[in-house]
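Morning, everyone. Please bring up the model and have the sequence beside it. I'll be quick.

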Amino acid sequence: MTQPRGQHHLRLISEPAEAPSDGELLARVAAGDLGALGRLYDSYAAMLLRFARRLGAGEESEDVVQNVFLRLVRLAPQFDPAATSARPWLFAITVRVVQERRRSLRRLSSALKALTHQKQSHATTSRPAASDLEQCLQRLSLPKRSVMLLAEVEGFSCPEIAAMLEIPVGTVWTRLHHARRELRAAWGETP
């Protein structure tokens, strides 16, 4: 079909819709929208995987992240849909999943030791090389390592960390102070 001269058809070009906030995506997850879950996974899985590895989950890091997103589906109805970012909430869930896995592994380890009557060998402590920061971080207790990584690597403030971990801000400061002191000692620096 040809158009008569001088007549033009107008097409409406729609502007791309603004990306939904994390709160909106979580509300959609709570309503059963798996596409929204996929968007959240695409946005956060890689950073949560790095964080889980730094927390010491090692080869289980991918399992930790999968558990975080399974838990996210269950907890999505509790998330504030007006919130723009779920980042602190997801980091807090990751810390809890790693802590739970550690407790579970400790219980299993204790049960196995009781069955076999074997003594646990103690690792030797030697001064780490400067390039072994990850190794030094692994020597910190999980609560100290969590606070250190959230503050120094992920850039959260102490009040944000306190809210994420549901602990007093003073506890965050104390753990951060002790973690820094232990890291300096592990590197052979004087406090």
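Which residues does Glu154 touch, not counting residues up to four places away in sequence? They are Phe51, Arg54, Arg87, Phe91 and Leu149. Keep in mind that this is a predicted model.

Let's stay with Glu154. Its place is in the loop between H6 and H7. Is Glu154 buried or exposed? It has a relative accessible area of 12%. The cut-off for buried is under 20%, so Glu154 is buried.

Gly155 has a relative accessible area of 56%, and is exposed. Leave aside its neighbours within four places in sequence, and Gly155 is in contact with Leu150 and Glu160. Look at the backbone too. Gly155 follows H6, and its phi is positive, near 80°.

There is another positive phi to look at. Glu166 has one of about 55°, although it is not a glycine. Here is the background: most residues other than glycine have a negative phi. Where does Glu166 lie? In the loop between H7 and H8. With a relative accessible area of 66%, Glu166 is exposed.

Next, H6 itself. This helix covers residues 142-153. Its buried residues are Leu142, Arg145, Ser146, Val147, Met148, Leu149, Leu150 and Ala151. Notice that Arg145 and Ser146 are on that list.

How does H6 meet H8? Their axes come within 8 Å and cross at roughly 95°. That makes H6 roughly perpendicular to H8. From H6, the contact uses Pro143, Lys144, Val147, Met148, Ala151 and Glu152. From H8, the residues include Val172, Leu176, Ala179 and Leu183. Sort the contact by class, and you get eight nonpolar, one polar and five charged residues.

On to the core. The largest nonpolar core has 52 residues. Which of them touch the most other members? Leu40, Leu48, Phe69, Leu72, Phe91, Leu150 and Ile161. Which elements give two or more residues to this core? They are helix H1 (22-30), helix H2 (34-55), H3, H4, helix H5 (133-139), H6, helix H7 (158-165) and helix H8 (169-186). H2 gives the most, with eleven residues.

Pick out Ile161 from that core. Leaving aside its neighbours within four places in sequence, Ile161 is in contact with Val147, Leu150, Ala151, Phe156 and Val172. Val147, Leu150 and Ala151 are among the buried residues of H6. Val172 is one of the H8 residues in the contact with H6.

Last topic: the rings. How many aromatic pairs does the structure hold? Four. Take Phe79 and Trp89. Their ring centres are 4.8 Å apart, and their planes sit at 50°, so the pair is tilted. Phe79 lies in the loop between helix H3 (61-75) and helix H4 (87-116), and Trp89 lies in helix H4. So the pair ties together parts that are ten residues apart in sequence. Now check their accessibility. Phe79 is at 11% and counts as buried. Trp89 is at 22% and counts as partly exposed.

There is also a cluster. Phe51, Phe91 and Phe156 form one aromatic cluster.

Definitions and conventions:
Residues numbered from 1 in each chain as written. Predicted model: local features only at pLDDT ≥ 70, side-chain atom pairs only at ≥ 80, totals over all residues. Heavy atoms only, no water. Phe/Tyr/Trp six-rings, centres within 6.5 Å; stacked < 30°, edge-to-face > 60°. Helix = DSSP H or I, 4+ residues; strand = E, 2+ residues; numbered from the N terminus. Buried < 20%, exposed > 50% of the residue type's maximum accessible area, 1.4 Å probe, protein only. Core = buried A, V, L, I, M, F, W, Y, C linked by side-chain atoms within 4.5 Å. Contact = heavy atoms within 4.5 Å. Axes fitted to C-alpha atoms, helices over the stretch in contact; angles between N-to-C directions. Parallel < 35°, antiparallel > 145°, perpendicular 65-115°, else oblique. Nonpolar A, V, L, I, M, F, W, Y, C, P; charged D, E, K, R; others polar.
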